[in-house]
Amino acid sequence: QVQLVESGGGSVQAGGSLRLSCVMSGGTLSFYNGGWFRQAPGKEREFVAAITWGGETTYYADFAKGRFTVSRDNAKNTMYLKMTSLKAEDTAVYYCAARLQWTTAQAMSVPQQYDAWGQGTQVTVSS
């Protein structure tokens, strides 16, 4: 059974950076397209970024463009989300997800389209 485990979350001041990692076990990450989502208290889960299985195509939410970078190292079965210029409104639990099919970039922004999820890692940005 495929499992995803995120790490790298924590507390940081506004303007700071964090890099989240997502390791897959029980499966081969290179078979999957990947996504990152976040959920703040009282809000719905929100798309952040997605990446194709080979890493050649990426897709970002508008708020993530220019500040966040999604990448992957299939040899390490690991996907990453580098976040810079963090703002207080970026505070949320961040989740990684994996999906076998990539149909359209917009479809990759829909949580229900994903096959596997991690448990989440908390990111807190203080202003």
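The side chains of Asp90 and Arg38 meet in a salt bridge (2.8 Å, N to O), a term for a side-chain nitrogen of Lys or Arg within 4 Å of a carboxyl oxygen of Asp or Glu. Asp90 lies in the loop between E8 and E9 and Arg38 in strand E4 (residues 33-39), so the pair ties together parts that are 52 residues apart in sequence. The model is predicted: local features need pLDDT of at least 70 and side-chain atom pairs count only at pLDDT 80 or more, whereas totals for chains, interfaces and linings use all residues. Residues are numbered from 1 along each chain as its sequence is written, and side-chain values use heavy atoms, with hydrogens and water left out.

**Salt bridges**

- Four salt bridges are found in a search of the whole structure.
- Arg38 also pairs with Glu46 in a salt bridge, with 2.8 Å between the closest N and O atoms.
- Arg38, Glu46, Arg67 and Asp90 are linked in a network of salt bridges.
- Arg38 is buried, with a relative accessible area of 7%; buried means under 20% relative accessible area, exposed over 50% and partly exposed in between (1.4 Å probe, protein chains only).
- Asp90 is likewise buried, while Glu46 counts as partly exposed at 34% relative accessibility.
- Asp62 forms a salt bridge with Lys65, the closest N and O atoms being 3.1 Å apart, and Asp62 counts as exposed at 64% relative accessibility.

**Nonpolar cores**

- The largest nonpolar core has 28 residues, and those with the most contacts inside it are Trp36, Leu81, Met83 and Tyr94; such a core is a set of buried Ala, Val, Leu, Ile, Met, Phe, Trp, Tyr and Cys residues joined through side-chain atoms within 4.5 Å.
- At least two residues of this core come from each of strands E3 (18-25), E5 (46-51), E7 (68-73), E8 (78-83), E9 (92-99) and E11 (121-126); strands (E, at least two residues) are DSSP runs, numbered from the N terminus.
- Apart from this core lies another, of seven residues, among them Phe47, Ala50, Ala61 and Tyr114.
- Not counting residues up to four places away in sequence, Tyr94 touches several residues, including Phe37, Arg38, Leu81 and Met83; contact means heavy atoms within 4.5 Å.

**Thr52**

- Thr52 lies in the loop between E5 and strand E6 (58-60).
- Thr52 is buried, with a relative accessible area of 6%.
- Leaving aside neighbours within four places in sequence, Thr52 is in contact with Asn33, Thr57, Arg72 and Trp102.

Terms used: Helices (H or I, at least four residues) and strands (E, at least two) are DSSP runs, numbered from the N terminus.
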